[in-house]
Amino acid sequence: CKILRCNSEFVAATLHLRGPERGAAFCTALRSYSLCTRRTARTCRGDLAFHSAVHGIEDLMIQNNCSKEGPTAPARPRPPAPNAHGFESLDICDYERSFLYKHGRPPGFQHCAAFGDPHIRTFHDDFHTCRVEGSWPLLDNDYLFVQATSSPVAKGSNATVTSKLTIIFKNMKECIDQKVYQAELDNVPAAFQDGSVNGGARPGGSSLAIWERSPGRHVEIRADYIGTTIAVRQAGRQLSFSIRAAEEVARAFSEEQDLQLCVGGCPHSQRMSRSPRGRGRVPAETARALCRETLPVEDVYFQSCVFDVVTSGDANFTMAARGALEDARLFLPDAEKLHIFQ
């Protein structure tokens, strides 16, 4: 029974499908998956994995409004034999591909973000608004160290914003040299501190790369060797950080690395209510109207937007919340977790 091969081919075909164009390609992959199961039906008649796959395909066809008739993808060539490490040596700096080869399924992913006041969305989908003035680690694990430096949003205010981000990609065997990325207000470079735009001269150097999405305002850093993508943005007078990290990477830390805002959120003593009392710099109803223009769903992103505009008086904070929501839509493995309501 070759059902595992059918499963792997389907996973490989859909692994990188995201965004609005996903539909047609996903249906094509489903029809190919169905064809593969039919070809192996005779030898798989008593296999539970086979019957599970057949029922799963039917459910996915219905959920995605796919027709049974239509184009299928050409058969994928069989991969070369693995070496002693269990996968192709060229794949060692392609985390998703090597994980799929070893486990027969794609890796799981987690999302974290820090934006605005700052507001923290943790890997576990907890949501906090933090006071955290000074420097605090967002991540501190075997692969990455990310530190955010915050300062008051306005003179005399308890609220703070991220004014500096430091990201260290730690040295990793034949893949990359250690690289440091640093962004400050009005300086969001499309290069690492040493001026390079990739992981260096090692064989897998290209598995770490920076892409400029909006000059001086938005960069994306793809670390394929650890299955991780990071977005750094500036909106108004604050920086924001978003990450999509492989679960294995997000969990690779020891007990000593216990302070990570992306893992545990901000400490209890640093948490703030998103319903600020007293007079703000902008009336709450004005802030709500501004935020509603870019954030029609009144979830925590909307609440955070209102809080930031009221506290700072800066309408640009609507774009900070909007950017964080756009990153979440792109990075979250489960679209149903996009909106959080509190």
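Predicted model: local features only at pLDDT ≥ 70, side-chain atom pairs only at ≥ 80, totals over all residues.
Ile57 is in contact with Leu30, Tyr33, Ser34 and Thr37, leaving aside its neighbours within four places in sequence. The residue is found in helix H3, which spans residues 48–63. The protein is divided into domain 1 (2–64) and domain 2 (109–267), and the C-alpha centres of the two domains lie 36 Å apart.

**Surroundings of Ile57**

- Ile57 counts as buried because its relative accessibility is 4%, and buried means under 20%.
- Leu30, one of the contacts of Ile57, is 27 residues away from Ile57 along the chain.
- The C-alpha atoms of Ile57 and Leu30 are separated by 6.7 Å.

**Nonpolar cores**

- In soluble globular proteins, nonpolar side chains tend to be buried together.
- The largest nonpolar core in this model comprises 44 residues.
- Within this core, the residues with the most contacts are Leu138, Ile167, Phe169, Tyr181 and Phe241.
- Strand E11 (residues 238–246) gives the most to this core, contributing five residues.
- Ile167 touches Leu144, Phe145, Val146, Lys179, Val180, Tyr181, Ile221, Ile230, Val232 and Phe241, when residues up to four places away in sequence are not counted.
- Two of these partners of Ile167, Tyr181 and Phe241, are themselves listed with Ile167 among the residues with the most contacts inside the core.
- Another core, of 24 residues, lies apart from the largest one; among its members are Ala235, Cys291, Phe317 and Ala320.

**Packing of helices H7 and H9**

- The axes of helix H7 (residues 284–294) and helix H9 (residues 317–331) come within 9 Å and cross at roughly 40°.
- The crossing of H7 and H9 is right-handed.
- On the H7 side, the contact is made by Leu290, Cys291 and Thr294; on the H9 side, Thr318, Met319 and Arg322 take part.
- By class, this contact of H7 with H9 has three nonpolar, two polar and one charged residues.

- Asp327 has its place in helix H9.
- Is Asp327 buried or exposed? Asp327 counts as buried because its relative accessibility is 3%, which lies under the 20% cut-off.
- Not counting residues up to four places away in sequence, Asp327 touches Ala231, Arg233 and Ser242.

Definitions and conventions. Residues numbered from 1 in each chain as written. Heavy atoms only, no water. Domains from an automatic or database assignment. Axes fitted to C-alpha atoms, helices over the stretch in contact; angles between N-to-C directions. Helix = DSSP H or I, 4+ residues; strand = E, 2+ residues; numbered from the N terminus. Left-handed = near helix turned anticlockwise from the far one by under 90°. Contact = heavy atoms within 4.5 Å. Nonpolar A, V, L, I, M, F, W, Y, C, P; charged D, E, K, R; others polar. Core = buried A, V, L, I, M, F, W, Y, C linked by side-chain atoms within 4.5 Å. Buried < 20%, exposed > 50% of the residue type's maximum accessible area, 1.4 Å probe, protein only.
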